[in-house]
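These notebook entries record what I looked up in one structure. I began with the term that an entry on helix packing requires.

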Amino acid sequence: MLKNNLKISYFALLLSILNFLLYHYPFFGFVFKNVDYQSLGGAILIVCLVIIMLVANFFVFFLFTYLSRFVGKFLLVLTFLINSVAVYFINTYGVIIDESMIGNIFNTNYEESSSFFSVKLVLYFIILGVLPSLYIIRVKIIKTTFKKFALTSALSLAFMLILVFANASNWLWIDKNSKTLGGLAMPWSYSVNIPLYFIHKHQENEKEILLPDATIKDNEKSIVILVIGESARSQNFSLYGYPKNTNPLLSQTKNLHTFNATSCATYTTAGVKCILEHTNSNKLYEILPNYLFRNDVEVIWRTTNWGQPPIHIKNYLDKEALKASCEGEDCAYDEVLLQGLKEQILASKKNKILVILHTSTSHGPSYSKKYPSRFEIFKPVCNSVELSKCSQEELINAYDNTIVYTDYLLSKVIEDLKQMKEYHSTMLFVSDHGESLGEKNLYMHGIPISLAPKEQYEIPFIVWLLDDYRQLKPNAHLTQNHVFHSVLNFLGIQSPIYNEEMNIFK
Ligand SMILES: [Zn+2]
């Protein structure tokens, strides 16, 4: 079949078969794992999935190539190139290319994406992307008549419909697994989810819904420092019972409390949004920093991360701005967030202060590059970006060192607050989501919350209080939305949106 002159129908069929063979190992890996293929029903389902996939892709490839041979070839080359990279990520990190993963990709900056770069990725791109593309470019396609085109299209459509209806008994199974199947089928995963992502983003971000005005109730000087963790899972904190001592400093700190908590989502943009909003919703409500800034609270946002909803405050400092006034080796790590923070707080003339530190310390895959070398407590560590190449132990060692570094950062925040005796203060540490470290063969995060393993959503929620000015309620379980109401309560801010049930302070 690999000759140089092909009719459109043969060309589309050949590419549909190639697309099936080259990029669907993960798709059918999932199917074989979740279907009893030794039973008759299971075997039929698998055969039908193969046929539907072949016919559906044939139909689309045929359609585009008939309409314009140039456009058809161009789209197919693009598709095969993207497929090769997508399959690399699926095979290497166990991700699926669904809408939230598309969101992660578009919210990843160059520095982060370059840490994914590896020889294996180049090999995938050349062998699975460039080589088939060269063939697509070289092959000569022979035009077909409209009559043949109409007949072929109608037949393939009818055939697909028959197969779909013949499989009615399997609809439930397909529906239940549609997220995963859709996220592994090439090129549908990204060509459907990219437009979906932009449509939803546009809907959500049109304009934030303003909350009713708030009033400051008293003149007490108080500070809340909210530290937003990145990919920190509670399981690896010794404060939560982890056998390795990842919290050497915090475990010695007085007035420190931990709560069991879960995140709303398993990816940064949704997790951070949930920490900052008064309720978990798909809408974009005015977020905590914007709301308090508008209502006369001093708000400081410092970040080495990204992915937060739009912020409209005066004191916003990103990594570059913070680095510019920082000297020394540690400025390359999250400690840069604390650079000059005390001075900035003391310079404020306001009684109520909210500081938000958006960290990036436990972000994979290069865990071992997220802390200064003196924090390499657990050895040996994984230095590869291909997580499945490292032993589980090396990987967890590197991750645990990021928790030790987080322990140090939080202790420094507490030390700073202790020195500002004229303020009542509290520090909250809440992570945006958890992280998989090879359990169930999954890495990183981003699996839809309904399917995600607990490692990806069980997060630390740590509270430190300066003094006995405030006490904590005995909460059994917290969500990220507790942050909003608790900060309002601690700072003495009255608002119609305030919900006492979501407040952690007595
Ligand atoms: Zn994150």
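A crossing is left-handed if the near helix is turned anticlockwise from the far one by less than a right angle, and right-handed if clockwise.

Entry 1, overall picture. I note that the model is predicted. I looked up the secondary structure and found 17 helices and 14 strands in the protein. Along the principal axes, the C-alpha atoms fill a box of roughly 85 × 50 × 50 Å. Of the 506 residues, 55% are buried. I also looked up the contacts with a separation of 6 or more; 77% of these are between residues 24 or more positions apart.

I looked up helix α4 (residues 69-93) against helix α7 (residues 119-138): the axes come within 9 Å and cross at roughly 160°. Angles over 145 degrees count as roughly antiparallel, and α4 and α7 are therefore roughly antiparallel to each other. By the definition above, the crossing of α4 and α7 is right-handed. On the α4 side I listed the contact residues, among them Leu-76, Val-77, Phe-80, Leu-81, Val-85 and Tyr-88. The α7 residues that α4 meets include Leu-121, Tyr-124, Phe-125, Leu-128, Pro-132, Ile-136 and Ile-137. By class, the residues of this contact are 15 nonpolar, 5 polar and 3 charged.

I then took helix α1 (residues 8-23), whose axis comes within 12 Å of that of α7, at a crossing angle of roughly 170°. That angle makes α1 roughly antiparallel to α7. Phe-11, Leu-14, Leu-15, Leu-22 and Tyr-23 in α1 meet Leu-128, Pro-132, Tyr-135 and Ile-136 in α7. I recorded 9 nonpolar residues for the contact of α1 with α7, with no polar and no charged ones.

Thr-268 lies in helix α12 (residues 268-276) and His-433 in the loop between β9 (424-431) and β10 (436-437). The two are 165 residues apart, and the pair links distant parts of the chain.

Are Thr-268 and His-433 buried or exposed? Buried means under 20% relative accessible area, so Thr-268, at 11% relative accessibility, counts as buried. His-433 is buried as well, with a relative accessible area of 0%.

Terms used:
Residues are numbered from 1 along each chain as its sequence is written. This is a predicted model: local features need pLDDT of at least 70, side-chain atom pairs count only at pLDDT 80 or more; totals for chains, interfaces and linings use all residues. Side-chain values use heavy atoms; hydrogens and water are left out. Axes are lines fitted to C-alpha atoms, for helices over the stretch in contact, and angles run from 0 to 180 degrees between N-to-C directions. Helices (H or I, at least four residues) and strands (E, at least two) are DSSP runs, numbered from the N terminus. Angles under 35 degrees count as roughly parallel, over 145 as roughly antiparallel, 65 to 115 as roughly perpendicular and the rest as oblique. Contact means heavy atoms within 4.5 Å. Ala, Val, Leu, Ile, Met, Phe, Trp, Tyr, Cys and Pro count as nonpolar, Asp, Glu, Lys and Arg as charged, and the others, Gly among them, as polar. Buried means under 20% relative accessible area, exposed over 50%, partly exposed in between (1.4 Å probe, protein chains only).
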